[in-house]
Amino acid sequence: MKKVLLITGVLILFITNSLFANDADLFEYDESKINTELNELNELENYVNNNQGITLSEMLNNKNSLVTNMALDMSFCLSDDTPMGIPSFCWGCFFGPVGVLMVWAFTDRSKKQTTDAFWGCAISTPIYVVLGIGGQFLWNWY
Amino acid sequence: MLIRITLIILITLFSNISFSQAFFRIKADFSIKAKGFNGKSQLTMGKVYYDKTIKKIVYKIKYPEKSDWVSVDTNMYHIVNNKVTSRKSLPAIVEFTIFHIALSGNLSNYGLDKSPFTISKVQQSKGMVITTWDPPQLYSKIYGRIIVSNKNKKLYGIIFFSPDGMILRKQFFKKYQNINGFSFPSEVLQISYNESKESYELSSFKNIIINDMNEDYIYDYYIKK
C-alpha cells in the first residue's frame, strides 16, 4: 500500500512539474541568436554615440559602410492615416467640399492632408462644371 | 505594544501611499534596435519624456533624423521643425505603455489587474511566478490569453497569444535599475512571431531621471496642427 501511495505521489509530482515546466519553457529564448541578429545595429549605435549629431542621411551621403552594407528599414517616416486609406486628393476630387471636410475631421485637422483634399476639390470642380455645361449643351442640341 | 503595531501599520501604509504617488515623470536616453520579418534593420535613438499626469509620450529623436514624435491618446504625431508632418493611429493608448504602468507602480503585472482580464492560473516554476490572464468572455474571439512571469517580484516576461492559442509576441524586461526607489528595466526585448518568422526589437534605456522638474514644455509638448 505504501509503495502504491509513494509511486502515485511521485507520478503526481512528475506530472504537475512537467505541466508547470511547459509554461516556464515559453519564457526561454536564444539570446546568442538575437545578439547575432542585432550585432550590426550595436556597431551602428556605438558609431552614432561616438559621433554626436550624425544622421542617417549624412551617413548615406558619406557612403558609410555601416549603413550601406546593411538592409535598412526606411519606414521611420510615417504616412498619414486617411479616411478608409483613400488618398486625401481623391476625397477632394470625387466628393468635393464634403470630401475636404471628411479629410479635415478624420485626419485630426492635418493641414497637409486637408490641403491635398482641397487641391483635389479645386482641380475637379472646373472639370465637373465643364462636363456639366457640355452635357447640358449636348442634351439640348440633340 | 498595540501602539507600536499601529505605528508600524500606519508607517507602512503611508510609505506605500507616498511611494505610489511619488513618481510621476520619467526621462531617459533610449535606443530601439529592430530587425523586422523582412530582415531589414532599423535604429532609433534619442530621449523620451513622459509625465503620467499629462499623458503625452514625447520622443526627441536624434537618429535616424532629427525630429519629434509625440504620442497622445491613440495618435502618434511626427513633427519636424515644429510642424506636424504625419499622424498615425496607434493600437494602444498611452496608459498601457511601460512608462505609465511603471510610474503607476503596476509594472509587476503590466497593469493587467486594472484591465478586464482575469487570472485563471498561477504557478511557480524555474524561479518564476507565472500568472495566466484570460480575456473576458465577450472579447475571447478578439483577444487571446496573456501569460506574465515574475522573477524576484519583478516583471520578467509577458507572452501574448492569439485567440486560437498561437504566440503573437514575447516581451522580456531585463537589467532593472533602481532610481531613488523607482524600479525600471534598462532593456525590453520583444520577439514577434509571424508564421515561422521572428522579428526582434530591443529597447534600451539609460540615464533615467525620475521626477525631473525641468523642461516642462517638453513633457507638455504643444502640437501645432
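For chain A the mean pLDDT is 79, with 76% of its residues reaching 70 or more. Where pLDDT is low, the predicted coordinates should not be read in detail.

This is a predicted model, in which local features need pLDDT of at least 70 and side-chain atom pairs count only at pLDDT 80 or more, while totals for chains, interfaces and linings use all residues. Residues are numbered from 1 along each chain as its sequence is written, chains are lettered from A in the order in which they are written, and side-chain values use heavy atoms, leaving out hydrogens and water.

Turning to the interface, 44 residues of chain A are in contact (heavy atoms within 4.5 Å) with 53 residues of chain B. Seven salt bridges are counted between chain A and chain B, each being a side-chain nitrogen of Lys or Arg within 4 Å of a carboxyl oxygen of Asp or Glu. B:K126 forms a salt bridge with A:D25, with 2.4 Å between the closest N and O atoms. On the side of chain A that touches chain B, at least two residues each come from α1 (2-25), α2 (31-37), α3 (39-50), α4 (56-61) and α7 (111-141) of chain A; the largest share, six residues, is supplied by α3(A).

Note on methods. Helices (H or I, at least four residues) and strands (E, at least two) are DSSP runs, numbered from the N terminus. pLDDT is the predictor's confidence in each residue, from 0 to 100.
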